[in-house]
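Here is a structure to look through by question and answer. Take a moment with the sequence and the picture first.

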Amino acid sequence: MERIDRLVRTWIASEQEQEIEDTVSEIAQGNATLLHIVKSLGDFLTSEEDDLRTKGVEFLSLVLSRCPHEKLNRQSVRTLVTFYCGKLEDTETIIPALKGLNTLSKLPLFASSDAVEVANALFQHVKMRVLVHSQRFVVYSIIDNLVAHHREAMKNMGDEFLRGYIGLAEGEKDPRNLMMAFAIDKVLLIEFDSAKYIEDFFGITFCYFPITFRPPPNDPYGITTEDLRSALRSCLHATSLFGKLAVPLFLEKLNAGSPATKKDTLDTLDVCLPVYGAGVAREFARKLWNALKLEIFQPTDPVTEEKALKTFQVLIQTIYAASPEDKGTENEIVGLAKDACDECMEILREPEKSQAKHAIKVLCAFMSTTPSVSRYTLARAVPHFVKLFLNPDELPNRAPTLRLLADLIEAARQSMSQDPEVLPDDGNVPLLPYKDEVLGILTVGLKMPASAYPAIDALKSMVLTPGLLTHEELGFIVHNVDEVLQKDEEESDLSDVSLDLLSTISSFAPSHVSGNTLPMLFTALPDRAPPRDAEAERVKYWRTLAALRKLCTQPDLFETLVVRFSTKLDLICVPSSPIAEGEDREPSAAYAHSILKTLADVLSIKIEKGHTDVVKYVDRLVPRLYNLFIYSALASEERPMVAPDPRLLAVAAQIITLVTQSLNASRQETFVKAVFAAYLEGDVSHLVDGVQKIPADKTFRPFEPSAPTSQRNLLVLLSAAVVPLYKEVTLPVPDETKFLDNLLQWIPVHAENAPQREALIHLIAAVVNRHADKLDDFLTSNVHVFWLSHIADSSVSSDSRKNAIVVFKWITKALLVRGYVDATKNVDRLLELFDDECVSWDAARAIGRIPGTDKVLTKRNHAVIKILYAQKYTNSVLPRIIEGAKTSQSSRQNAYLVALAALIKSVPKSTYADQMPSLMPLLLRGLELPDNEIRAGVIETLQAAATSDDKENNIVTEHAASLVSTMLKNSLVSQMPSVKVRVAALRYLATLPSVVRYDVLHPQKATVIRELAKALDDPKRAVRREAVTARTNWFKFTG
Amino acid sequence: MSAEVFNPNPTIFAPSKAKKTAHAYARANSIWLEDGERTDEDEADQSDEPEAIGQDEIFELIRSISDPEHRSMTLEQLAVVSAPQITFDPKYPDRITVEFTPTVPHCGMSTFIGLSIRVRLLRSLPQRFKVDIRVKPGSHQSEHALNKQLNDKERVAAALENPALLDVLEQCLSTADGTAYEE
C-alpha cells in the first residue's frame, strides 16, 4: 500500500514509464488492487489544481489499460464506469477519462447498462470540436466498441443514440477517424432504424463524396485514397433510402466533375443503383441516361467511356430485372430501354458515320443486361441491319453495316454462359431467330473485299456461339470461306482471317475442313517443283503451304497432312523419270524444303499447345525421313539427287528433334538404338521404312575416313536424335568416353563443312551435359589433349584453331549449364589466348558466349539445367574482364572489350545491372571497335539499360554528351556502312530524351536536330523511319 | 481553339491496308523459304541498293496524325489525306505537292490540319524537299486564302511561336508515329 502511494507520487512528479510498469506488476502479483490505487490517487483525483486532476486520471487510465483483465471484477468495472463518466464533465479530465472508457468498453465484464450510460455521457459532455484528432479517435473507438459488443442495447436507445452519434460525427475531417466513422455509419444504416434520420446520415456521408484526399508523404497510418473511397462507398450503398437524395448529387458530379470524379461517380453508381432499386432508377432514368450519353457519345477518354457503358448496363439491369421474366414480352418493353434503343437506331441509320460506333456500343451493352431487353434489342437492330444491307441505295455502306452487326453478334455471344459444359436450350440463344437471314447477308458480304473482314468476324462469333449453328450450317460456312481463300489472288490479310476462322471451326468440327478445305489445298500443290523463273507459281505453293500450316494442327488434320506430305516428298525427291545430269535441281530442293519446313512448323506449334499425338510420328514420319535421306545419299553416288542438300537436312533434323523430344525415356532408348545401329554399324533395317528400298550393295558408313560427303552430311540427322535425349537414356555404345573422344578427334580431321562440325559439336555437348558425372576421364585428359594439340599449338592453321575453340566453348557451356563447378577453369585457358593475335577475338567471343542461350541445351530438349547458371558465371567472369580491360594495353585490351560486348549480349540484364557504373566507360570504348556486329550489340545493351529502370539513368546522364556524339557518328550513312548499327544508334537517340533530364541534354539539342536531318535522307527506308522517330522526340523535348 | 463544332458526325473510312510486296516469310530474290534464322536487318545489311523516298513513305508519315476536332480518329480515317493525293513534280524530283480534303467546306480547322501536315513533314523529310500543301480544289470555301497561308514560311513560323497552338499541334502529332511502325 505504501509502495503504491510512493509509486503514485513519483509518477505525478516525473511521469516515467517505470512507475506505471511497477504498479501494473504489483496488481498482477496480487499485492495491490485498483481500489488501492484509487485510494492512493484520492487527493489528486479531486485536487483543486487542474494539472494534478488531469495527471491523476491519466495515471489511472494508463494503469487500467495495461492491467490484466482477470484482476477486475464486475463491481470494479461498474465503479470505474461511473467514475469516468463523471470525469467527462470536467474539461481537465475528459481526455484521460475517454482513454479509460475505451479500455473498459472492450472488457467482457462491461455490461449493456454500462454501455448505455457511457453513450449518454459521451453525447452529453463530449464536444468534438474542442478535441484534437487523436482524441476524437478515442471517442470513435469507444462508440465502435459499443456498437460492436452491445448493439442491441444501442438499438434500444433508439433516436437518442442515432441523434447523439450524428452530432458527434458531423464535421469530421481526419482520414483515420473517417475510416472508423464510415464503418460505424454502415452498421447504423444497415441494422438500426435509421429512416427518420436519413437526411442527417446523408449529410455526414455524402459530404465526403467524391474522396479527393491525397495521403501526405510518410503518413504514419498508411491510409490510402482507395481505402477511404471503398469505406465511404460501402456507406453510400448501405441503404436504399439514400436513393432519392443521392442520385441528384451523383448527377451533379457527373455533369461538372473532373475526369477522376466522373470515374469515381460511375463506379459508385454501379454498386449503388442495384441497392437503391428499380423505383429510384426509373425515376431518374432519363436524367442518368442523358448524363451517361454524353460520356459515351463524346468520350473524353476510353476508360470513362467504358465505365459509363458499364453504369448504363447496371441502370438497365436495375430497371428491368425486377419485372417478372416471361417470354414474348419483346414488344412490351417500355421506358428507358426503348427510348435509348430508339435513339441509337436513329443514329444507326447512317452506319458509316462516326456516331454509329458509339451507338452500337450502347446496344452491345444491352446484350448483357436482362434476357428480355437483349431480345428486344436484337429484334430491333438485326432486321434493321439486314434491311440496310439489302438496300441497293446503301451498297457503299455494306462494310460498315456488317462491322456494326459483327460487334452486336459478338456481344450477344459474350452475354451467354461462358461455361462450355452448359449447353443452352433453344430459347436461350438470343440470335437463333435471325440466324438464317444473318448467315445469308454474311455470305454475300464475304464475296466483296471491303465487307469480307467484318463478315468473317461476324461468322467467327456465330461459330463460337454455343448451340447456334447446326453441323450443316458449319459446312455451309466452310464452303463459302473456301471460296474466299481460292479467290484471294493477291497477298492480303483476308487469307489470314479466313484461315483463322477455318481453324476455329476445325478445332471442334474437323470433318468439314478435312473433307472440303484440305482436298482443295492439296490439289493446289504441284507434284513437281515449278522452274526457277516461275515466280508466281512458287508464291502460290508457298501460300498453299502457309494455309496448311495454319489449319493442320488439329490431330486428325495433321495425320492427313503427314500422309500427303510424305508422298509429295517422295515424288519430288525421287521422281519417276530420273533427273538428268546438269538439270537444275535447286527448285525441287527448295520445294521439298518448303514442305519439310511446313511440317516442322506445325509440329512445333502442336508441341507448344501440348498435343499428345506427336509421339506416334516416331513410327509414321521419322522412319520415312531417314529412309528418304539415306536412300538419296547412297543413290547420289551414282546419279544426281535432290534430297542431299544441307538445307533440307537441317529442316529434317529439326523435325526429328521435335518428335524425339516428345517421347518418354524408354521409347527414346529403343529409338536411339536403331539410329546408332545405322550410323555406327551400317545396319539401317530398324531405322528406315519407305517406298524406296535402300540398295543392298551400298554400305552406309558415314564415319569411315573414305565416306563420301553425302553420307557425312547425314551426321546432322544423328545429332538430331541425340540432342533431345533424357539424361536417364544411355547411349548404345560400349564406352562413352571412347565414343566422345573419337568424335573429338574426327571433327578437326574429317569434318568437311560447318553443318557436319556443328552436328557433332551439338552431339558432344548434349552428351556431356547429361552424363558429365560419368565422364571425368574424358573431361580431364581427352579434352586437355585436344586443347594442347588443336588450340594451344600455334603451328596449327588459324581456321582450324578457331573451329577447335568453338568445340571447346560448347563443352564448357554444356558443363556450365548443368552447374559443373570446374566450368570456369576453362575460361582461364581461353584467357591465355588473349595475347595470340590470330585467335584472341575468337577466344574472347567464346568467353562471352558461353552463358548465352542456344537451341540445343534447352528445357524442351531435356537438358540438365541448374538455375542461375548465367548469374554465377557472370559474377565470376565479369569482374575479371573489367579488370583486364582497365589494366591491359592495345590488342589485349580490345580482346577484353570484345569479350565484354559478347558477354553482356548473351546474359540477362539483371546479372550485370549493379556493375553498370564501371561498365559504361568500357562500353563506350567498345563502340570504337572496328566491328559492326559488336557495335550494334553494345548499342542494344545500352538501350536495354537505359529503358529498363531509372536507377542507372544517373550513369546515362553522366555520359550523356559522349553518348550523343558517339551515337550521331554511328547513325549517319557517311560514317557507318552497316544498316543494323545505324538503326540501333538512332533508336538509342530516340530513347535519350525520355530518360535524361532536359537541362542535361539542352546543349546538344540543336546539334542533334541538325545532324538527324541528314539521317532523314538515308538510302535505306528502315533507317529513315528510325530517324523520323528520333528527330520527332528531340523536337518535342523541351524544358 | 474555338468551341464551335464544325462536323459533329463525320463519315469514317476504312484505312487502306499496306500492301505486302512478297509473301510474309518468303525472301525477295530467293526460291527458298525463310527459315527463321536470319532477320530483316541482316538482310538489309547485305544489299546496298538505295530505296528512294516515295509516295507511300510520305503517306506513312501523315496518315496517323489525329484530327483536331475528333482526336480519336486519324486524318486517314476521315479521308482528309490519302496516298494518291501526294504527288511528285515530274521535272524536279524534290518538289512534292500534298493535297488534303476538309470533311466539310466550312471547316474552320482546315488551316490547323494543313499546319500539322506541314510541321510533320518539316520534321521528317530531308531538307532538300520542297513541299507544297494545298486543299483539294473546290473542297473549301476559302481555298485561296488557305493555300496562301499554308505555304507562307513567315506565317507558318509565326503560328509556331504561339505556345497554345503548338501545344495542340504536338497533341495531334503525338499519334503520328503510332501505326506507321506496326508492320
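The questions below go from whole chains to single residues of this predicted model.

Q: How many helices and strands does chain A have?
A: This is a predicted model. Chain A has no strands at all. Its helices number 49, so the count is 49 helices and zero strands.

Q: In what order do the elements of chain B run from the N terminus on?
A: Chain B holds both kinds of element, with six helices and three strands. From the N terminus on, they run α-α-β-β-α-β-α-α-α.

Q: What share of the residues of chain A count as buried?
A: A residue counts as buried if 20 or more other C-beta atoms lie within 10 Å of its own. In chain B, 32% of the 183 residues pass that test. In chain A, with 1039 residues, the share is 45%.

Q: How far apart are the centres of domain 1 and domain 4 of chain A?
A: The domain assignment puts domain 1 at 243–324 and domain 4 at 942–1036. Domain 2 (332–469) and domain 3 (525–732) come between them in the numbering. Taken over C-alpha atoms, the centres of domain 1 and domain 4 of chain A are separated by 48 Å.

Q: Which residues of chain A does UniProt list for "domain: MMS19 N-terminal"?
A: The listing comes from an unreviewed entry. The span is 73% helix and 0% strand, and its end C-alpha atoms lie 72 Å apart. UniProt lists residues 38–298.

Q: Which element gives the largest share of the side of chain A that touches chain B?
A: On this side, 39 residues of chain A are in contact with 31 residues of chain B. Elements giving two or more residues include α18 (354–367), α26 (535–551) and α28 (586–609) of chain A. By class, the side has 14 nonpolar, eight polar and 17 charged residues. The largest share, nine residues, comes from α49(A).

Q: Which elements do the buried residues of α18(A) pack against?
A: α18(A) is mostly covered, with 10 of its 14 residues buried. Among the buried ones are Ala356(A), Ile360(A), Leu363(A) and Phe366(A). These buried residues of α18(A) pack against α15 (259–297), α16 (302–321), α17 (336–347), α19 (371–390) and α20 (398–414) of chain A.

Q: Which residues does Ala652(A) touch, not counting residues up to four places away in sequence?
A: Ala652(A) and Phe629(A) are both among the residues with the most contacts inside the largest nonpolar core. With the residues up to four places away left out, Ala652(A) touches Leu596(A), Leu625(A), Phe629(A) and Leu717(A).

Q: Is Asp533(A) buried or exposed?
A: Asp533(A) is found in the loop between α25 (510–524) and α26 of chain A. Asp533(A) has 10, so Asp533(A) is exposed.

Note on methods: Residues numbered from 1 in each chain as written. Chains lettered and ligands numbered in written order. Predicted model: local features only at pLDDT ≥ 70, side-chain atom pairs only at ≥ 80, totals over all residues. UniProt positions renumbered as here; feature names shortened; annotations may be inferred. Helix = DSSP H or I, 4+ residues; strand = E, 2+ residues; numbered from the N terminus. Contact = placed C-beta atoms within 7 Å. Nonpolar A, V, L, I, M, F, W, Y, C, P; charged D, E, K, R; others polar. Domains from an automatic or database assignment. Buried ≥ 20, exposed ≤ 12 C-beta atoms within 10 Å, placed from the backbone. Core = buried A, V, L, I, M, F, W, Y, C linked by C-beta atoms within 7 Å.
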